[in-house]
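Please keep the sequence and the model in view while reading.

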Amino acid sequence: MRRSAVSLSVLACAVLALSACKRTETPADAAPPAAAAAASAPAASGDGAVAANDNLNAVLWMQRAQEYRAITEQTYRAAADHLDKALKEPNWDALVPDERGNAAKGLKPAVVLDVDETVLDNSPYQARLVRDGKEYDELSWDQWVAEKKAKAIPGVVDFAKAANAKGVTLLYISNRAVHLKDATLANLREQGLPVADDSVFLGLGTVVDGCEQAGSEKNCRRRLAGQQYRVLMQFGDQLGDFVEVTANTNDGRDTLLQQYHDWFGERWWMLPNPTYGGFEPAQFNNDYSQSRQARHDAKRAALDYAP
């Protein structure tokens, strides 16, 4: 969800949507985690009865499309098939070199997972925003997390249990704020996800000595994970769940994707999330202070009509 900028000692939500965000866990890569703003500007309908909502089809697809479930199950099944290979190769590491401050060889194996829309499905929260014509805000998000009603993303429980059985620790690096740890871990456990102990949750606000985190970026927390673990794989629904997004623009995001293209499907595993993310604010200069209508218009202007 969308977060505001934070300092090293006190990490708050970044206004930009960056990685799996209260997601950037925002929600969004370059601006809010884990769950950034869901409902966009209402466009006037023909009869004026019901305003259109930019997020309606996206949320409906996540909740009702068999294709969505097929994609997530397919992703986690494919990742499970790569797990033995990753375990056997002593130099296999899913952290980019800039985020690996120590040798990975010989460390305990782990996989890093974002939480929102990667492990837990928050589409009911987004559906409420569509129904009520509202946008993401921290209060309603915290209330949703406290309900502990998020279901597991299809396929993740089987993968997580298989990894755990092979001695692989599951680390949850989330842009849910640290004060949401207890509710989040309870929700994960209730859904059947392995949780070794409280230390495996690295939420927004986690202090990492010697590392200055920008907004809701996860680079410092990935460094922290790398100090104790050899990270075999990373899972997320935002580019910022895998690597720091320094420029949340279309060009900047394209460059990152091209640079790490070969990592996806081996070390990195992307889950689909059309409801929020860094792709959206990249179309309106990451400026959520604009009106919903202005943001809506900017997104329409970004469409390719193949003239």
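## Basis of the model

The model is predicted, and local features need pLDDT of at least 70, side-chain atom pairs count only at pLDDT 80 or more, and totals for chains, interfaces and linings use all residues. Residues are numbered from 1 along each chain as its sequence is written, and side-chain values use heavy atoms, with hydrogens and water left out.

## Helices 2 and 5

Helix 2 (residues 66–88) packs against helix 5 (residues 156–165) at an angle of about 15 degrees, and their axes are 9 Å apart. Helix 2 is therefore roughly parallel to helix 5, where angles under 35 degrees count as roughly parallel, over 145 as roughly antiparallel, 65 to 115 as roughly perpendicular and the rest as oblique. Axes here are lines fitted to C-alpha atoms, for helices over the stretch in contact, with angles running from 0 to 180 degrees between N-to-C directions; helices (H or I, at least four residues) and strands (E, at least two) are DSSP runs, numbered from the N terminus.

The crossing of helix 2 past helix 5 is left-handed, a term used if the near helix is turned anticlockwise from the far one by less than a right angle, with right-handed used if clockwise. Helix 2 contributes Tyr76, Ala79, Ala80 and Leu83 to the contact, and helix 5 contributes Val156, Phe159 and Ala163, contact meaning heavy atoms within 4.5 Å. The residues of this contact divide into seven nonpolar, no polar and no charged (Ala, Val, Leu, Ile, Met, Phe, Trp, Tyr, Cys and Pro count as nonpolar, Asp, Glu, Lys and Arg as charged, and the others, Gly among them, as polar).

## Helices 3 and 4

The axes of helix 3 (residues 123–132) and helix 4 (residues 138–147) come within 10 Å and cross at roughly 140 degrees, which means that helix 3 is oblique to helix 4. Helix 3 passes helix 4 in a right-handed crossing, and the contact joins Pro124, Tyr125 and Arg128 of helix 3 to Ser140, Trp141, Trp144 and Glu147 of helix 4. The residues of this contact comprise four nonpolar, one polar and two charged.

## The disulfide

One disulfide is found in a search of the whole structure, a disulfide being a pair of cysteine sulfur atoms within 2.5 Å. Cys211 and Cys220 form this bond, with their sulfur atoms 2.1 Å apart. The torsion about their S-S bond is about -85 degrees, so the disulfide is left-handed. Both Cys211 and Cys220 are buried (under 20% relative accessible area, with exposed over 50% and partly exposed in between, using a 1.4 Å probe and protein chains only).

Arg222 is placed in helix 7 (residues 219–228) and counts as buried at 1% relative accessibility. Not counting residues up to four places away in sequence, Arg222 touches Leu95, Glu99, Ile173, Gln234, Gly240, Asp241, Phe242, Val243 and Glu244.

Leu193 lies in the loop between helix 6 (181–190) and strand 7 (201–204), and is buried, with a relative accessible area of 3%. Beyond its neighbours within four places in sequence, Leu193 is in contact with residues including Val119, Ala152, Val156 and Tyr172. Arg300, in helix 9 (residues 292–301), is partly exposed, with a relative accessible area of 47%; Arg300 and Gln283 are 17 residues apart in sequence and 9.2 Å apart in space, C-alpha to C-alpha.
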